[in-house]
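Dear colleague,

Please have the sequence and the coordinates open while you read.

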Amino acid sequence: MAKAVKAVSKTAKVSKAEEAPNTDTKVAVAADVKAEPKPAAAKAPAKKVTAKKAVAKKPAAAAKAPAKAAAKPAAKPAAKPAATRKPAATKPVAAAKPAAPASAASSALKIDIGISTADRAAVVKELSKVLADSYTVYLMTHNFHWNVTGPMFKTLHELFMTQYTELWQALDDIAERIRALGHYAPGTYAEFQKLSSITQPASVPDATTMIELLVKGNEALARTARAAFDRADSADDQPTADLLTQRLDVHEKNAWMLRSLLQ
Ligand SMILES: [Fe+2]
């Protein structure tokens, strides 16, 4: 936006500069005609001259150095309109002004949603663990979708896809809830590894072990979400509590479905 404004002001300057020679020559002609009564006659029309003309004079003088040099003595009496020049000269500066209030406003807009700063931080701390565990279970489920083998391939390949697809969307909801609470969401492998309570296998397990690992992963995630729910509930944070209730429902159901495959 600021660039656009600058661009506009530049084009405005150009158009003024293009007009300027005309007005400049007019002014120069007028100055030549009234060259004889320089001090008195120049002052009188100068007062009547509108601010626009005074503005047109300035860039023209700046563009044409020789003309300016010639008009130097005449420019001195025009020092009075300099007061009227100022507002015109501040126009481009005024265009830059909106940027300052915008940044000031953003820093001044503190979060005031009825949850204290300390409570928001505490809820975010728990939500970040839920996000890390969710990302870990997501990645493990997708990994197993790719690499599962054996007679249960089709069933597990499709079941894993259903689960990782749902998890992928949930990651966004959890991270954006953290943002709504005024904090940055963790988003790197290093952060997730540090925050997560779930360990992934170092190599590709067999199908049965995949199911067992995902049962344990979903159950661990449910425990993390339950702890986060308790913190959100005590902070009177209904949206987070609602989100975590949904996550609990999903992961307890996933664990049940996976567990059932082994019975
Ligand atoms: Fe796939």
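The notes below go from the nonpolar core to one of its helices, and then to a pair of packed helices.

Please keep in mind that this is a predicted model. Its largest nonpolar core has 37 residues, and the members that touch the most others are Leu127, Leu131, Ile174, Leu214, Ala225 and Ala228. At least two residues of this core come from each of helix 8 (117-147), helix 9 (153-180), helix 11 (207-234) and helix 12 (238-260), with helix 8 giving the largest share, 11 residues. As a general point, nonpolar side chains in soluble globular proteins tend to be buried together.

Ala228, one of those core residues, is in contact with Glu126, Leu127, Lys129, Val130 and Leu244, once its neighbours within four places in sequence are left aside. Helix 11 itself runs for 28 residues and spans 41 Å from its first C-alpha to its last, which is close to the 40 Å expected at 1.5 Å a residue. Just after this helix, Asp236 adopts a positive phi of about 60°.

Turning to the packed pair, helix 9 and helix 12 meet at an angle of about 160°, and their axes are 11 Å apart. Because angles over 145 degrees count as roughly antiparallel, helix 9 is roughly antiparallel to helix 12. The crossing of these two helices is left-handed. On the helix 9 side the contact involves Gln163, Glu166, Ala170, Asp173, Ile174 and Arg177, while helix 12 contributes Pro239, Thr240, Leu243, Arg247, Val250 and Asn254.

With best wishes

Terms used:
Residues are numbered from 1 along each chain as its sequence is written. This is a predicted model: local features need pLDDT of at least 70, side-chain atom pairs count only at pLDDT 80 or more; totals for chains, interfaces and linings use all residues. A nonpolar core is a set of buried Ala, Val, Leu, Ile, Met, Phe, Trp, Tyr and Cys residues joined through C-beta atoms within 7 Å. A residue is buried if 20 or more other C-beta atoms lie within 10 Å of its own, exposed if 12 or fewer, and partly exposed in between; C-beta atoms are placed from the backbone. Helices (H or I, at least four residues) and strands (E, at least two) are DSSP runs, numbered from the N terminus. Two residues are in contact if their C-beta atoms, placed from the backbone, lie within 7 Å. The expected span of a helix is 1.5 Å times one less than its number of residues. Axes are lines fitted to C-alpha atoms, for helices over the stretch in contact, and angles run from 0 to 180 degrees between N-to-C directions. Angles under 35 degrees count as roughly parallel, over 145 as roughly antiparallel, 65 to 115 as roughly perpendicular and the rest as oblique. A crossing is left-handed if the near helix is turned anticlockwise from the far one by less than a right angle, and right-handed if clockwise.
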